[in-house]
Amino acid sequence: MADLVIEREVLVEAPVEVVWRTITEPDQMSQWFADRVELVVEPGAHGFMQFGDQGGPVVVETVDPPTRFSFRWNHPREEEPVTGNSMLVEFTLTPEGNERTRLRVSESGHELLAWPDAEKERYAGEHRGGWAEYLDRLATLLAKRQSG
Amino acid sequence: MTTQADDELWSAIADPSRRRVLDLLVSNGDVSASWLAGHVPFSRQAVSKHLAVLEQAGLVSRRKQGREVLYQVEADRLDQATRAMADLAAQWDRRLGTIKRLAEAAHAENKKRNRHEG
């Protein structure tokens with residue numbers, strides 16, 4: 001089970017195939033994601049993304065047109081991106097009628113290893129909102145305790 | 001892409017056991033490693049290891065009180081982490097917004113073309 005960092009979604013007024021092309025075609029990706037995208041959209045393909053003067057390798061994980069696309073990034077250079085050293089970005093496209101698509105993106109990190117299943121489930125439940133929500137809750141709690 | 005400091009912070013909170021320790025520190029304030037060990041399902045040794053990682057990431061600091069070492073959450077660093085996460089969410093919202101705009105424009109273009117052909 002991956003540890004959810006963040007999850008966002010948007011409703012797009014376009015058919016699922018159009019949204020799929022927008023998120024997977026490199027010339028389209030360079031408009032919404034990186035400044036330069038070198039990527040073959042095939043499982044296991046290694047690519048590169050340039051952001052300003054920074055950049056990094058990406059590795060495609062799942063390509064399941066037109067509903068699932070995922071890749072790993074932010075792993076150390078010279079290393080194969082695997083569970084534990086990289087972040088997994090996953091796009092899920094759900095058609096809602098013929099001309100509308102719900103697009104969900106999640107970014108997740110290290111897997112919950114060496115942890116009993118019941119505990120994993122409890123934690124996944126508590127942190128369904130991702131780390132953003134978790135940290136927000138912590139900060140609020142702390143502020144409350146410090147002022148009280 | 002993330003910075004080195006972010007990476008440390010993220011891997012610090014990526015571990016559920018460490019989040020458990022953080023939770024306890026946030027709700028109980030200055031406590032010792034032994035006290036923490038009494039409230040988690042893992043060993044005193046594991047607690048020390050987790051505290052060291054949290055300290056390295058700047059999320060936790062320690063002070064001596066008599067013969068005891070007490071740990072506490074660093075509020076500033078926690079705020080900073082919270083902001084970094086909110087930034088990440090905002091970044092994805094911007095990307096999704098652009099995808100929406102691109103896809104909707106492409107769809108409108110396709111429909112116009114079909115009407116011309118049809």
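Predicted model: local features only at pLDDT ≥ 70, side-chain atom pairs only at ≥ 80, totals over all residues.
Local features need pLDDT of at least 70, side-chain atom pairs count only at pLDDT 80 or more, and totals for chains, interfaces and linings use all residues. Residues are numbered from 1 along each chain as its sequence is written, while chains are lettered from A and ligands numbered from 1 in the order in which they are written.

**Overall layout of chain B**

- Chain B has 5 helices and 3 strands. Helices (H or I, at least four residues) and strands (E, at least two) are DSSP runs, numbered from the N terminus.
- Starting at the N terminus, the order of elements in chain B is α-α-β-α-α-β-β-α.
- The radius of gyration of chain B is 23 Å, whereas a compact globule of 118 residues would have one near 13 Å. This radius is taken over C-alpha atoms, and the globule rule is 2.2 Å times the number of residues to the power 0.38.
- Along the principal axes, the C-alpha atoms of chain B fill a box of roughly 85 × 25 × 25 Å.
- Of the 118 residues in chain B, 29% are buried. A residue is buried if 20 or more other C-beta atoms lie within 10 Å of its own, exposed if 12 or fewer, and partly exposed in between; C-beta atoms are placed from the backbone.
- Take the contacts in chain B with a separation of 6 or more: 49% of them come from residues 24 or more positions apart. Two residues are in contact if their C-beta atoms, placed from the backbone, lie within 7 Å.

**Two domains in chain B**

- Chain B splits into domain 1 (4-73) and domain 2 (75-118). These bounds come from an automatic or database domain assignment.
- The centres of the two domains of chain B, taken over C-alpha atoms, are 37 Å apart.
- Domain 1 of chain B gives 5 residues to the contact, and domain 2 of chain B gives 5 residues.
- On the side of domain 1 of chain B that touches domain 2 of chain B, 3 residues are nonpolar, 1 is polar and 1 is charged. Ala, Val, Leu, Ile, Met, Phe, Trp, Tyr, Cys and Pro count as nonpolar, Asp, Glu, Lys and Arg as charged, and the others, Gly among them, as polar.

- Helix α4 of chain B covers residues 44-56. Its 13 residues should span 18 Å at 1.5 Å a residue, and its end C-alpha atoms are 18 Å apart, which agrees. The expected span of a helix is 1.5 Å times one less than its number of residues.
- Val47(B), His50(B), Leu51(B) and Leu54(B) are the buried residues of α4(B). They lie on the same side of α4(B) because they cover an arc of only 105 degrees around the axis. The arc is that of the directions from the helix axis to the C-beta atoms.
- An α-helix has 3.6 residues a turn, so residues three or four places apart point the same way.
- Exposed residues Gln45(B) and Ala52(B) sit on the face of α4(B) turned away from its buried side.
- Gly58(B) follows α4(B) and has a positive phi, near 85 degrees.
- Helix α2(B) also has 13 residues, which should span 18 Å; its end C-alpha atoms are 18 Å apart, which agrees.
- The buried residues of α2(B) include Val21(B), Leu22(B), Leu25(B) and Val26(B).

**Where chain B meets chain A**

- The contact takes 34 residues from chain B and 38 residues from chain A.
- On the side of chain B that touches chain A, the elements giving two or more residues are α1 (4-14), α2 (16-28) and α5 (75-117) of chain B.
- Helix α5(B) gives the most to this side, with 22 residues.
- The residues on this side of chain B comprise 21 nonpolar, 8 polar and 5 charged.

**Chain A**

- Chain A has 4 helices and 7 strands. Their pattern along the sequence is β-α-α-β-β-β-β-β-β-α-α.
- Chain A has 148 residues, and 29% count as buried.
- Pro65(A) and Pro66(A) are joined by a cis peptide bond, with omega about -5 degrees. Pro66(A) lies in the loop between β4 (54-64) and β5 (68-73) of chain A.
- Val59(A) belongs to strand β4 of chain A. Val59(A) is partly exposed, with 19 other C-beta atoms within 10 Å.
- Apart from neighbours within four places in sequence, Val59(A) is in contact with His46(A), Phe71(A), Arg72(A) and Pro81(A).
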